[in-house]
Amino acid sequence: MLADKLQPFLDRYDELSRLLSDPSITNDIANMTKLSKEQSNLEDIASAAKSYLQTLADIEENKALLDDAELGELAKDELKNLESQKENLEEEIKILLLPKDPNDDKNVFLEIRAGTGGDEAALFAGDLFNAYTRYAELRGYKFEIVSQSEGNTGGFKEIILLIKGKGAYSRLKFEGGTHRVQRVPETESQGRVHTSAVTVAIMPEVEDSEIEINPNDLRIDVMRSSGHGGQSVNTTDSAVRITHIPTGIVVTNQDGKSQHKNKEAAMKVLKARLYEIQEEERLAKETSERKSQVGTGDRSGRIRTYNFPQNRISDHRINLTLYRLDAIMAAGLFDEIIEPLIAHYQAEAISDADL
C-alpha cells in the first residue's frame, strides 16, 4: 500500500528536524550541513506524503457521512474532489519515489562536435550552440565557453560549454547522441538537400573527490595557441594538451591567455570524461536502470533529426515530431522536446519499479 511506503520518509524527516535543533549538532557545522541537505532532499516527498495521508483521512471521514440526511449530498460532492486529489497526489508521489540520479543537480559540460558533412556540419554545430545558449538563458542558467575550434567557413568543428545552474544536468542529459540535419547548405548552388550530422556529449561537472587521477597517468604538453590556418595567435606557450595515458583521452585547451587557466579548464573536461566512462560502466551492470535511460549519453545513437525544408524536428527515441523547428531553434525552446522525454523516462521507470 502506498501509504505504508510513505511513513518511513515522514519518520526520517521528523527525526532530522529533531536532530537539527540539537545543540550538539548545531555546533558541528559539517554534520549540520550534511543533515540539512538530507532534509532538503526529503522536503518534496514529505510534503506530498502529508497531503496524501490527510486526503485519505478526509475520504474516510466523508464516506462515513454519506448516509447522513443533512450532510450526505455535501459529502458525496466532496468525495469527488478528494478522489481526484488523491489520484493526482499518487502520480506526483510515484515520480518522487523514483531513485534520483545523483548527477541531476550538477552543472553540465555540453560538447558539440561536427560529424559527417564537412563545413555544413560545422555550421550546424554553430546553430546548435546558439540554440542551446538561448535555452540556457531561458532556464536562468549561466554558461561559459571552455574550449572551441572554429570551422573553416563558420560554425565550429568542436565547442565545449560549461552550463551552470541547479538541475542543468537533469534537463540536458537527454541531449547526448547524434543530431542529424537535413537542409540546403549555403554553398549549394542547385538547391539540393544535404544530410549532415553533429554529435552532442553531455557530461556532469564533477568534484575532485568524485574522481581520482594519478598524476603519473598524465602527459601534459604546452604549445603556442593557433588560429585559422595554423598561424600563431599567442607569443607564449599558453595552449595545453593533456593526454590520459591509460584511456588515451586527449583534451586540448587554448582559449585563455594563461597556461594555468587553460590547464585547469582542460583538467575539468578530462575529469568529466573519465567520470562519464565510470558512469557508463556502472549503468552497464544495472541493466534495468539502463533500460530506463531513454538512450541518454549514447553518442553513437541517432537521437534527433532537424529537417529544415519541412520545418520538422523529430526525436526518434519517443517518436515525437513537431513542425516548428524554426521557432525551437530561434528561441531555444528545447523544453518542448525535453519535457516529453522526461515524462517518457518517468513512465518507464515507474513501470520498472512497479509503483
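Arg-139 and Asp-335 join their side chains in a salt bridge, 2.9 Å from N to O. Here a salt bridge is a side-chain nitrogen of Lys or Arg within 4 Å of a carboxyl oxygen of Asp or Glu. This pair links distant parts of the chain, 196 residues apart: Arg-139 sits in the loop between α5 (119–138) and β2 (142–150), and Asp-335 in helix α10. Helices (H or I, at least four residues) and strands (E, at least two) are DSSP runs, numbered from the N terminus.

Keep in mind that this is a predicted model, where local features need pLDDT of at least 70 and side-chain atom pairs count only at pLDDT 80 or more, while totals for chains, interfaces and linings use all residues. Residues are numbered from 1 along each chain as its sequence is written, and side-chain values use heavy atoms, with hydrogens and water left out.

The whole structure holds 26 salt bridges, including these:

| Pair | N to O distance |
|---|---|
| Arg-139 and Asp-335 | 2.9 Å |
| Lys-173 and Asp-104 | 3.0 Å |
| Glu-15 and Arg-12 | 3.0 Å |

Lys-173 is in the loop between α6 and β4 (177–183) and Asp-104 in the loop between α4 and β1 (108–114), so this pair ties together parts that are 69 residues apart in sequence. Both Lys-173 and Asp-104 are buried. Buried means under 20% relative accessible area, exposed means over 50%, and partly exposed is in between (1.4 Å probe, protein chains only).

Glu-15 and Arg-12 are three residues apart in helix α1 (residues 2–20), so about one helical turn separates them. Glu-15 is partly exposed at 33%, and so is Arg-12 at 26%. There's also a salt-bridge network that links Glu-111, Arg-113, Glu-158 and Arg-273.

Now for the largest pocket, which has about 1,100 Å³ of space. A pocket is an open set of points on a 1 Å grid over the protein atoms alone, where a 1.4 Å probe fits, with protein on both sides within 12 Å along at least five of seven lines; lining residues have an atom within 4 Å of a point. Its volume is the space filled by probe spheres set on the points.

Of the 31 lining residues, the closest to the centre are Asp-44, Leu-96, Lys-100, Asp-104 and Asp-105. Helix α3 gives the most to the lining, with seven residues. Where does the pocket lie? Domain 1 (2–97) and domain 2 (108–208 + 290–353) both give residues to the lining, so the pocket lies between them. Those domain bounds come from an automatic or database domain assignment.
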